[in-house]
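The points are meant to be read beside the model.

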Amino acid sequence: MPRNIQSNIWKHAIFLITNKRNFTAILGAYYLTIPNVTTQEIGIILLAGSLSGFLFEIPSGYVSDKIGHKQALILGKSLLVLSSLFLLIANNILFLILASIFMSIAYSFFSGTGSAFMHETLRALKKEKNFTHIMGKIRSIGYLVPIALIIFIPFLVNINIRLPFAIALLIDIIGLLAVFSYVKPRVSQADIKEIGATNFKTILKQAYHIGFIKYALLFGILSGFLFSVNGFRAAYQYFLQIPIIYYGVFFGAGFAITSILTAYSGKIKAKITLNRILIYQIIIFALLIFILGFVSLWWIAVLTFIIILGLQQGLITINEGFMMDILKDEKFKATLLSVPTQIQKITTAIFGLALGIIIKYTSYRFGFFITGFSLCVILIPLYIHIFKKSILSKE
């Protein structure tokens, strides 16, 4: 049995590779090729996807803990297949909205469930203490392998703009087969009874009691701001008249940064504290968004988006490692890890729509400036409130 469970590690690498939306580099520009779609409609698409993700995020984690993590991952993968299919056949905004909704719900099942499943796998292999290190290596592969395809995808646009989505559909089917082949780790009978008897309200009370909610709030809001900005990356590059064939190169460069960071996430986490990594992220991401708001040179905008993408994705494993330290032996990991993602979804829904409207009636630069300003106004006071004791002790 241990040898079979060991196979979950490389299968999870395939799962992560096939989860990457290789067409993301051109997605915003693709939206604008659909009749009657403008930047305001892009905001509506982001709103629809984010709201559906918000509504399903925590319930999906709860369902995952109830029905089993493998079954939930199969369901999520199936929804991702449908999302790619809707993008492939889209000829109006309704198909784009449906694709966004299915994609968000799929990732709602992935957000906490994949990590919870791998934590159970590593526990069965007696390697759970190496969770951040092992997951960092797996995720590094998950980002590194798709880079070639991400760079190549925009060139396919010259053949047919829908070809990237046909390839994505094929890749999603491969990922679904990989998930079907997962080996279920054994869970103790006591844990099964506890999961079956515990209600959702009790879980949230426990999360608040162990201090998880406040960190989930901060991580979730920060991530929501970044997803809002990234949602307009391709559209802004299109506005700056940068040829679409280069979008994949830019996106691949961001994933290269991500791959390096995730590969060393275990070592990085060991040398930094939770409060420091949070304030570093708030300051760095705010500055990067402000750069987009103040500078309109195309190469600076491209470089800034590359850094934002690379850091945002590259720090996920480290952030999650700190979350796992807080959760420790909590049984409902998939449910609790869904909390920050749900907060991210509602933040993206609000600020993604607002950013789209601001851009339509003013400019991209002003929209990014307002986003950076809002990030500081919300997150800096929240950070001070959460860590005020440690801040005062240093003074």
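1. A residue is called buried under 20% relative accessible area, exposed over 50% and partly exposed in between, with a 1.4 Å probe and protein chains only. The model is a predicted one, in which local features need pLDDT of at least 70 and side-chain atom pairs count only at pLDDT 80 or more, while totals for chains, interfaces and linings use all residues. Residues are numbered from 1 along each chain as its sequence is written, and side-chain values use heavy atoms, with hydrogens and water left out.

2. A pair of aromatic rings is described by the distance of the centres and the angle of the planes. Rings of Phe, Tyr and Trp (its six-membered ring) pair if their centres lie within 6.5 Å, and planes under 30 degrees apart count as stacked, over 60 as edge-to-face and the rest as tilted. By this rule there are 16 aromatic pairs. One of them joins Y236 and F305, which are edge-to-face at 6.3 Å centre to centre with 70 degrees between the planes. This pair links distant parts of the chain, since Y236 belongs to helix α12 (residues 233-239) and F305 to helix α16 (residues 298-314), 69 residues apart; helices here are DSSP runs of H or I with at least four residues, numbered from the N terminus. Both Y236 and F305 are buried.

3. Y364 and F368 form a tilted aromatic pair, with 6.3 Å centre to centre and 35 degrees between the planes. They are separated by about one helical turn, because they stand 4 residues apart in helix α19 (residues 364-386). Y364 counts as buried because its relative accessibility is 7%, and F368 counts as buried because its value is 0%. Y236, F239, F305, Y364 and F368 form one aromatic cluster.

4. Two lysines deserve a separate look. A charge sits over a ring if NZ of Lys or CZ of Arg is within 6 Å of the ring centre and within 35 degrees of the ring normal. K137 lies over the face of Y264, 5.7 Å from the ring centre, and the charged end of K269 sits over the ring of F322, at 4.9 Å from its centre.

5. Two serines complete the note. S100, in helix α5 (residues 93-124), is buried with a relative accessible area of 12%, and a polar atom of its side chain lies 3.2 Å from the backbone oxygen of I45. S374, in helix α19, is buried at 16% relative accessible area. Leaving aside neighbours within four places in sequence, S374 is in contact (heavy atoms within 4.5 Å) with F225 and F351.

Methods: Polar contact = N/O pair within 3.5 Å; in protein donor to acceptor, adjacent residues only side chain to side chain.
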